[in-house]
Each structure stands twice: as structure tokens, then as C-alpha cells.
Amino acid sequence: MLEKLEKIVVRYNFLTEEISKPEVIADNNNWKKLVKEHSNLTPIVECYSQYSKAKSELDANMELLEIETDKEMLSLLHEDVNLQKKALEDLLAELKVLLLPKDPNDDKNVIIEIRAGAGGEEAALFANEIRRMYYMFAEKNRWKIEEIDIDENELGGLKEGSFMVVGEGAYSKFKFESGVHRVQRVPDTESQGRIHTSTITVAVLPEAPDVDIEILDKDLKIDTYRSSGAGGQHVNKTESAIRITHLPTGIVVNCQDERSQIKNRDKAMNILKSKLYDYYQSQADAEYAATRKSQVGTGDRSERIRTYNFPQGRVTDHRIGLTLYSIDNFMNGDIAEMVEALRLADQTAKLQDSGE
């Protein structure tokens with residue numbers, strides 16, 4: 001690992017010089033690429049610098065221990081050595097995490113799809129509340145929301161909907177939200193006060209990278225229709241909404257957010273590109289079927305990643321066994337603690353897989 005770190009330092013120093021050269025700055029695309037690489041290496045180099053300094057100080061104190069005869073000084077040295085050893089352990093653990101392969105999609109925008117599952121109207125109402133929760137979390141991170149296709153019912157519930165969160169690092173925060181979310185509460189329509197259980201499904205995709213994905217016109221079925229919704233002045237009276245079906249894969253994309261058919265078509269094609277990229281990348285993986293099932297599932301009550309229990313005021317993530325007793329704040333977008341816990345659990349699993 002130390003040999004790898006030394007190579008990273010050499011690369012970092014090279015980039016530091018390179019990105020300040022006028023001829024490199026003149027090539028804007030290449031300069032941005034080098035600056036991003038430099039930025040990604042900075043925390044590793046800084047942590048390694050702290051580690052090297054701490055290691056030198058520890059080695060110096062270990063040498064002093066061998067020649068020191070004064071009992072009081074020996075006591076102080078032993079105390080310093082113990083603190084330095086602990087600091088080195090912490091820095092080493094941090095370095096191991098920093099050296100883990102980074103998910104190339106982490107910095108990308110993210111496409112989120114929410115569908116009501118088991119539970120009828122109550123599931124649709126909860127789906128809309130989860131959408132609101134994600135919107136508020138995005139707002140706290142100063143990210144932008146671009147709606148793609150929102151299908152609401154007359155009661156204000158969300159039958160299904162998709163939207164994009166635009167902002168650096170959006171995918172890294174949302175990627176663990178894929179799966180079945182279960183809610184337990186007494187619906188407003190329940191006269192007997194009985195607790196009902198409903199489910200929704202959430203699927204999360206990174207926006208497609210800037211790569212060429214060949215989409216042939218003959219492989220597309222494009223339909224136009226009027227924007228749907230619960231009614232009101234914002235519902236279009238013209239056929240501006242677009243549905244694109246990719247015939248070879250069966251992937252369907254709807255977009256009715258924009259008033260212009262051309263804008264909806266452009267946005268739908270971008271979403272299709274992202275879905276096809278995810279599809280082909282996943283298909284190349286032997287675990288494709290299992291991955292997609294774990295993301296979306298069937299919407300059945302028994303398949304869940306998280307339970308929202310309103311009578312007990314708790315949210316439990318079943319993958320990591322974490323329960324938070326702050327459901328009101330959670331539903332208002334304060335989900336950072338859960339997101340961070342899932343990220344740390346993912347890091348721990350990766351460290352175990354790497355043999356660390």
C-alpha cells in the first residue's frame with residue numbers, strides 16, 4: 001500500500017505542475033480532466049503526508065525510549081508513543097478507505113423513479129411523501145430538481161413518477177435508496193384506527209456518461225399524448241407528452257414535464273440513453289438479474305429495504321439495522337444521517353472484500 005501511495009504522490013506532484021502550464025490551460029477540456037484528477041488525489045496525498053509526519057515522530061520517540069533513563073521523561077514518552085500509535089492506526093484506516101476504487105458514477109446527476117406498490121391509495125400518498133422527502137433533501141444540498149414524468153391521482157397521491165436531481169455528487173447520496181420502502185401507519189380514511197402496511201418501489205440510475213450509445217430510429221416507437229394529472233390549469237390540452245419505447249430492450253420512457261413536444265422528446269431521449277447505458281452495463285455483469293431485482297423488486301410487502309413506522313415514530317433500514325427515532329424530520333428531508341451510515345457500511349463491506 002505504501003508503494004502505491006508513493007506513486008500517487010509522484011502523480012500528484014506532476015499534475016500540480018502540469019495544470020499551471022499555459023499550454024495545458026489552453027486546452028480547456030484536457031485541463032479540466034487533469035484538475036479533476038488532481039482534486040481527487042488531494043485528500044489521499046494530504047492524509048499520507050499526515051501519516052508520514054506522524055510515523056517520523058513515532059520513530060523518533062521510539063529511539064528516545066531506548067536511551068532515556070529519567071523515569072518522568074520515560075513516562076511522558078510512553079504516553080506520547082501510545083497516542084501516536086493510535087493516531088497512526090486512524091490515519092492508516094483513513095488511507096485504506098481513500099484508496100478504495102471510487103464509483104465512477106458518484107459525481108453524476110441521478111434519475112429517480114418512484115412507483116406505488118401494495119396498498120392502493122395509501123401507497124400512492126406515501127409515494128408522493130417520499131418524492132417530497134427527496135426534493136427537500138436535494139434542496140438542502142442545493143441541487144436542482146428536473147421533473148420528467150409525474151402521474152398523480154385525484155387525491156394527490158403519486159401513482160408513479162420520475163425526476164432528475166442535478167448536482168455534483170447527487171448519485172453518491174441517492175444510490176442506496178433503490179428498493180422497496182414500507183410504511184406502517186393509520187390512513188386518514190381508516191375509521192377503525194387500524195394500522196395499514198403499504199409499499200412503494202424506488203429505482204435509482206446515474207445520468208448516462210458522455211459516451212456514444214447508438215440508438216437507431218428503427219428501434220424506437222414514439223407516441224404522443226396529452227399530459228395527464230389531477231387536473232388544473234397546468235395540464236396541457238395538446239399532445240405534447242412523449243412516450244418512447246426501445247423495441248429491442250422493451251425499455252419505456254415517458255416525459256410530460258415540458259409544454260413543448262420537442263423539449264419533451266429531447267429530455268426523453270436523454271433519459272432513454274441513461275437507461276440503455278445502465279441496461280447494457282448491467283447486462284455485461286453476470287449478476288444483472290439479481291441486481292435489478294434488488295433495486296426494484298415486485299413491490300410486495302415482504303420485500304423491503306426500509307420501514308417507516310409512524311405510530312412508533314421510527315425509520316429502520318433493514319440492510320444495516322439502523323433505526324432513527326425522528327420520522328418527522330426524516331420525512332422533511334433530514335436523511336443525511338441515514339445516507340452517511342449506508343455509505344460507511346458500503347465502505348466497510350468493500351474493505352472486507354479487499355482483505356483489509
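Mentor: Let's start with a term: buried means under 20% relative accessible area, exposed means over 50%, and partly exposed is in between (1.4 Å probe, protein chains only). This is a predicted model, where local features need pLDDT of at least 70 and side-chain atom pairs count only at pLDDT 80 or more, while totals for chains, interfaces and linings use all residues. Residues are numbered from 1 along each chain as its sequence is written, and side-chain values use heavy atoms, with hydrogens and water left out.

Trainee: Okay, so is F126 buried or exposed?

Mentor: F126 has a relative accessible area of 0%, so it's buried. Y308 is buried too, with a relative accessible area of 0%.

Trainee: How many aromatic pairs are there?

Mentor: Eight aromatic pairs. Rings of Phe, Tyr and Trp (its six-membered ring) pair if their centres lie within 6.5 Å; planes under 30 degrees apart are stacked, over 60 edge-to-face, and the rest tilted.

Trainee: Why is the pair of F126 and Y308 edge-to-face?

Mentor: Because their planes sit at 70°, with the ring centres 5.1 Å apart.

Trainee: And where are those two in the chain?

Mentor: F126 is in helix 5 (residues 120-140) and Y308 in strand 9 (residues 306-309), 182 residues apart. Helices (H or I, at least four residues) and strands (E, at least two) are DSSP runs, numbered from the N terminus.

Trainee: New topic: which residues form an aromatic cluster with F174?

Mentor: Y134, F137 and W143. F137 is buried at 4% relative accessibility, and W143 is buried at 13%.
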